[in-house]
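Student: I would like to learn how to read the features of a protein model. Could we go through one together?

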Amino acid sequence: MKRTPKDIVDSSRMISRRALVVGATQLGIVGALGMRLRSMQIEQADQFRLLAEENRINMRLLPPARGLIFDRNGIAIADNEQNYRVVMVREDAGDVGEVLARLTELVEIAPEDLSRAMEEMQRRSPFVPVTITDRLSWEDVARINLNTPALPGISAEVGLSRVYPWGADVAHVVGYVGPVSDYDLSRIDDQDPLLQIPKFQIGKTGAENKLERTLRGSAGNRRIEVNAVGRVMRELDRQEGIPGKDVQLTIDSRLQSYVQARLDGESAAAVVIDLENGDLRAVASAPAFDPNLFVRGISVRDWTGLNADKYRPLAAKAVQGTYPPGSTFKMITALAALEDGVISADETVYCPGYTDVSGIRFHCWKRGGHGNINLHESLKQSCDCYYYEVAQRVGIDKMAAMARKLGLGIRHDLPLSAVAEGLAPDKDWKTSVRGENWRIGDTVNASIGQGYVLASPLQLAVMAARIATGRAVAPRLVRLIDGVEQPGGLGESLGLNENLLRRIRASMDDVCNHQRGTAYRSRILKEDYRMAGKTGTSQVRRITPEERAAGVVRNEDLPWERRDHALFVSFAPYDNPRYALSVVVEHGGGGSAAAAPIARDIMLQALYGGPPPLDAYPAAVRDRIAAQQERINARVPPGATGSGRA
């Protein structure tokens, strides 16, 4: 087909338009490439220069600030302090040994820290930072930062570390933190990535352990850019973690410190309960230990010394220790019998100094006996034979039920390590646990807190609190979590006959305030603060008939571990009880001589909120008390008036 001139013109125009579109597109692409090249070569030159040097982007976890622990007055008893440390990332270090050798030329590092770090790096992934050493000075950090190019994989960081300003005084309550270990990881079901950070601190004992999730918080992270020699070039972004929640305990740190000082030199425990709400004002065990030793990982020498001590400083005796309650159990036996109606408060029992039961002779502590004696006198003078008789009438099952109602034989729910359940035995317990039938002799032994009966100082304090109030007072240790009030332990009525409780309380009053009472020498003279209580002495050895015939060996003449335990429970003021307490002195001898004076001193300190006047004490002991107060006040830590997050 022959093309006309018009067709040729139209075709030329179409080709020109296509060429224009293609040319414009090519020009646009070239322009965009030019702009991109300009941006890369001029505007982003620094960034790509760093990338050309084989920079990399690292993600680092940021440990959150651990929640603080305060006493009831807002004084920090578990605080945080700044801690400079040096860490190494193995995959960035190259020759680890050579880098560590250079590092030791700049800062002093203990050989055991180096060995531990090398072992840690072999166990951990190569990209996980491992702490080489901590507690560095600012001068050490500056030297490391100046020499970073010669220390690939090494960086200095600042973090937080736990510190306990009140030291041993709060050790058994607060507990302590320590570096997370493989053993910790094996026994807890917790996928928190924070636990993979070497030397990350977690609670090991006490409230630190039981409130771990509350105190720990959540991790943050940061992205950092480092060059080929490991120098941090810049921080790209940071997301802070969520700090742990602050916790306020019910403990009064100054009273707690006083109690620890008063128990000094003894293997003992004491517990003070506020009767208005069940708050534990003091929970002390002696001897104690410095929890700061554990924060970084305790040395073998310190650990061996603590474990070898026969007085067991690591044991929280106030809640873990269980002891035969001795004569402090007599109120339980009496209440069980009175409530059951098998004996009246005025009925007398004859005490010749012993009771024969099924061919076995059970002795009273008073060799010549007390003669005819009623409930009131039996508690005041702590007659044993009265309770041997009463127990046979009421039986062990009702005694055990009363013991549990008053707080023995049950585990109280507290955020502390190994809170003991104790034992309020009955017939079913012996059959199921020991495979034996209960015997009448077991009941007689239990009536005075011996035999199978076991109670902790915490449980004995709860018992005293419930007798004093008639309510099911429950101990409370945590007052606030992140400012939120926690449930109190005021408790409902026990449902016991109030008239019978008054008879028991009146007898306990005479224990301390009547001349024939077993704790008369430990009375409080201030009428408004008059104390009621009960002494107890629990045997840890069997006295043979031959020894009784020849004369029972005095406690002070026996080896320490064969002496009787000394116990005392009390409440005050008698007319309007505010506090109840218990004291147990391991192998202390008689409760009236060893435990009651300590309890009197602690009670006065609690009632007065500080050192009481000397005229609150009997005149015969005032000089000794004055010297004691001076000694104790000199060692009480000053504490702090409050603390914010470090």
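**Reading the model**

Tutor: The accessible surface of the protein comes to about 29,800 Å², and 50% of that belongs to carbon and sulfur atoms; areas come from the Shrake-Rupley method with a 1.4 Å probe, and for residues only the protein chains shown count as cover. This is a predicted model, in which local features need pLDDT of at least 70, side-chain atom pairs count only at pLDDT 80 or more, and totals for chains, interfaces and linings use all residues. Residues are numbered from 1 along each chain as its sequence is written, and side-chain values use heavy atoms, with hydrogens and water left out.

Student: How many helices and strands are in the protein?

Tutor: There are 24 helices and 21 strands. Helices (H or I, at least four residues) and strands (E, at least two) are DSSP runs, numbered from the N terminus.

Student: What share of the residues is buried?

Tutor: Buried means under 20% relative accessible area, exposed means over 50%, and partly exposed is in between (1.4 Å probe, protein chains only). Of the 646 residues in the protein, 51% are buried.

Student: How do I read contacts along the sequence?

Tutor: Contact means heavy atoms within 4.5 Å. Among contacts between residues at least 6 apart in sequence, 72% join residues at least 24 apart.

Student: Which residues touch the most other members of the largest nonpolar core?

Tutor: In soluble globular proteins, nonpolar side chains tend to be buried together. A nonpolar core is a set of buried Ala, Val, Leu, Ile, Met, Phe, Trp, Tyr and Cys residues joined through side-chain atoms within 4.5 Å. The largest core here has 101 residues, and those that touch the most other members are L249, L280, L375, Y386, L406, M463 and I504. Helix α20 (residues 457–469) gives the most to this core, with 9 residues. A second, separate core has 39 residues, including Y258, L263, V272 and I625.

Student: What does L249 touch?

Tutor: Not counting residues up to four places away in sequence, L249 touches a set that includes I69, F70, V173, V174, L477 and V478.

Student: How do I read aromatic pairs?

Tutor: A pair of aromatic rings is described by the distance of the centres and the angle of the planes. Rings of Phe, Tyr and Trp (its six-membered ring) pair if their centres lie within 6.5 Å; planes under 30 degrees apart count as stacked, over 60 as edge-to-face and the rest as tilted. The structure holds 12 such pairs. In one of them, the rings of Y84 and W138 have centres 5.7 Å apart and planes at 55°, so the pair is tilted. Y84 lies in strand β3 (residues 76–88) and W138 in helix α6 (residues 138–146), so this pair ties together parts that are 54 residues apart in sequence. Y84 is partly exposed, with a relative accessible area of 24%.

Student: Which pair is stacked?

Tutor: The rings of Y176 and F294 have centres 4.0 Å apart and planes at 20°, so that pair is stacked. It links distant parts of the chain, 118 residues apart: Y176 is in strand β6 (residues 176–179), and F294 is in the loop between β12 (280–286) and α12 (300–308). Both Y176 and F294 are buried. Y176, F289, F294 and W303 form one aromatic cluster.

Student: Where does a charge sit over a ring?

Tutor: The test is that NZ of Lys or CZ of Arg is within 6 Å of the ring centre and within 35 degrees of the ring normal. The charged end of K430 sits over the ring of W438, 5.9 Å from its centre. The charged end of R523 sits over the ring of Y520, 3.9 Å from its centre.

Student: What should I look for in the backbone?

Tutor: Most residues other than glycine have a negative phi, and most peptide bonds are trans. Here the bond from A286 to P287 is cis, with omega near -5°, and P287 is found in the loop between β12 and α12. The bond from A572 to P573 is also cis, with omega near -10°. A418 is not a glycine but has a positive phi of about 50°, and at 53% relative accessibility A418 counts as exposed.

Student: Is S382 buried or exposed?

Tutor: At 6% relative accessibility, S382 counts as buried. S382 lies in the loop between α15 (375–380) and α16 (385–394). The side chain of S382 makes a polar contact with the side chain of S327 (3.2 Å); such a contact is a pair of N or O atoms within 3.5 Å, where within protein one must be able to donate a hydrogen and the other to accept it, and residues adjacent in sequence count only if both atoms are side-chain atoms.
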